[in-house]
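Subject: Handing over the structure, with notes

Dear colleague,

Please find below the structure that I promised to pass on to you.

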Amino acid sequence: KLILLDSLLQESVFNTKVDMTKSWVLVIAIVLQVETHNSLTITGLDFPSDITLGQSVTMTCKFTVLPNQKVDSIKWYKDSHEFYRLLPSGSAKDKEKYFFTPGVKIDNSSKEFTLHPGSGEHRISLQHTDLQSSGSYRCQITESQAPFHTEQKDGTLNVIIRPEEASPMMSAMPTVGSLGQEINLRCSCDRSKPAAQLSFYINGERVPEARMSRQETKTENDGLLESAYRSMNFIIEDSHYSNNGLIEVKCNAKIGEAYWKTTSAIIHLVGTPSYMLESRSRANAGYSMLSTMVLLLVFAST
């Protein structure tokens with residue numbers, strides 16, 4: 001009986017300790033949650049999504065902090081590989097670290113770290129960009145005191161190769177047309193990376209996708225550059241005569257936000273739209289009826 005009683009007492013003490021441990025863990029978690037609430041927060045990672053080959057790009061990481069918070073480190077990554085680290089409070093020797101990453105060439109004259117009451121930002125610039133510069137970039141910031149809260153934000157950069165200077169090119173056949181006639185358009189944009197997206201406009205109105213052919217893309221012999229081709233046709237209608245007898249057709253070539261170029265052609269309209277023919281027909285009919293009435297009155301008076 002004594003042994004059984006002793007076992008029960010030990011089990012009771014153990015359960016009490018476990019319950020107390022759980023309670024302390026809960027209290028600590030609540031405290032940590034309160035401390036990190038509204039603390040270090042990255043509010044923006046700003047840089048263009050598309051740039052052209054060789055173009056420099058500036059990346060700005062913006063954040064907010066509480067008055068008593070300090071930043072321990074700011075780290076930059078490309079495709080999950082760290083390429084730059086800043087320790088704002090570190091010694092001159094250890095303040096910055098660089099890690100070799102293909103496609104990443106930092107402009108040392110453009111780095112800037114600013115910290116104001118309640119907010120701050122870190123800015124870096126990449127120069128001499130190439131196709132390897134494309135990828136996912138991350139800004140990661142860690143505060144310098146427990147619980148060492150860390151925030152991060154990602155963005156994607158695409159480096160493009162612009163098409164040849166003469167692109168895009170468009171042909172329109174025929175360039176003179178009349179009501180009911182079919183016009184054929186073909187547009188191309190040569191040697192870019194990636195291929196440009198082509199679209200057509202008629203008198204300023206974008207042509208719906210369903211009325212255009214499916215875009216064709218051809219990989220050039222170098223295996224890198226691509227050329228795009230697209231065509232469409234339309235029938236000349238009455239509404240096309242509203243632009244002083246001219247139809248303006250355009251082909252637009254677009255690659256992300258880094259390239260946008262348009263070429264155009266003019267279709268000259270001949271003949272008369274059907275609504276004018278109907279109006280003229282009604283006018284002639286009215287004139288004929290009036291002439292008949294005048295003749296009848298003349299005969300009646302004689």
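What is the order of the strands in the open sheet of six strands? The order is S2-S10-S9-S4-S5-S6, and the pairing in this sheet is mixed.

Before going further, please keep in mind that this is a predicted model, in which local features need pLDDT of at least 70 and side-chain atom pairs count only at pLDDT 80 or more, while totals for chains, interfaces and linings use all residues. Residues are numbered from 1 along each chain as its sequence is written, and side-chain values use heavy atoms, with hydrogens and water left out.

The sheet

Strands here are DSSP runs of E with at least two residues, numbered from the N terminus (helices are runs of H or I with at least four residues), and two strands pair if DSSP finds at least two bridges between them. In general, strands of a sheet pair through backbone hydrogen bonds, either parallel or antiparallel. The edge strands of this sheet are S2 (50-52) and S6 (96-98), each of which pairs on one side only. Neighbouring strands are turned by 25 degrees against each other on average, direction ignored; the axes behind such angles are lines fitted to C-alpha atoms, for helices over the stretch in contact, and angles run from 0 to 180 degrees between N-to-C directions. Strand S4 (residues 71-78) and strand S5 (residues 81-86) run antiparallel and are joined by five bridges, and Tyr 77 stands opposite Glu 82 in S5.

Charged side chains

Side chains of opposite charge can pair when their charged atoms come close. A search of the whole structure finds 15 salt bridges, a salt bridge being a side-chain nitrogen of Lys or Arg within 4 Å of a carboxyl oxygen of Asp or Glu. One of them joins Asp 154 and Arg 138, at 3.1 Å from N to O. Because Asp 154 lies in strand S10 (residues 150-160) and Arg 138 in strand S9 (residues 135-143), this pair ties together parts that are 16 residues apart in sequence. Arg 138 also lies over the face of Tyr 77, at 6.0 Å from the ring centre (a charge sits over a ring if NZ of Lys or CZ of Arg is within 6 Å of the ring centre and within 35 degrees of the ring normal).

Glu 220 forms a salt bridge with Arg 191, with the closest N and O atoms 3.9 Å apart. Glu 220 counts as buried at 14% relative accessibility, whereas Arg 191 is partly exposed at 30% (buried means under 20% relative accessible area, exposed over 50%, partly exposed in between, with a 1.4 Å probe and protein chains only). Both residues belong to a network of salt bridges that links Glu 164, Arg 191, Glu 220 and Asp 222.

Aromatic rings

The structure holds four aromatic pairs; rings of Phe, Tyr and Trp (its six-membered ring) pair if their centres lie within 6.5 Å, and planes under 30 degrees apart count as stacked, over 60 as edge-to-face and the rest as tilted. The rings of Phe 47 and Tyr 137 have their centres 6.2 Å apart and their planes at 75 degrees, so this pair is edge-to-face. Tyr 137 counts as buried at 0% relative accessibility, and Phe 47 is buried at 15%. Together with Phe 83, Phe 47 and Tyr 137 form one aromatic cluster.
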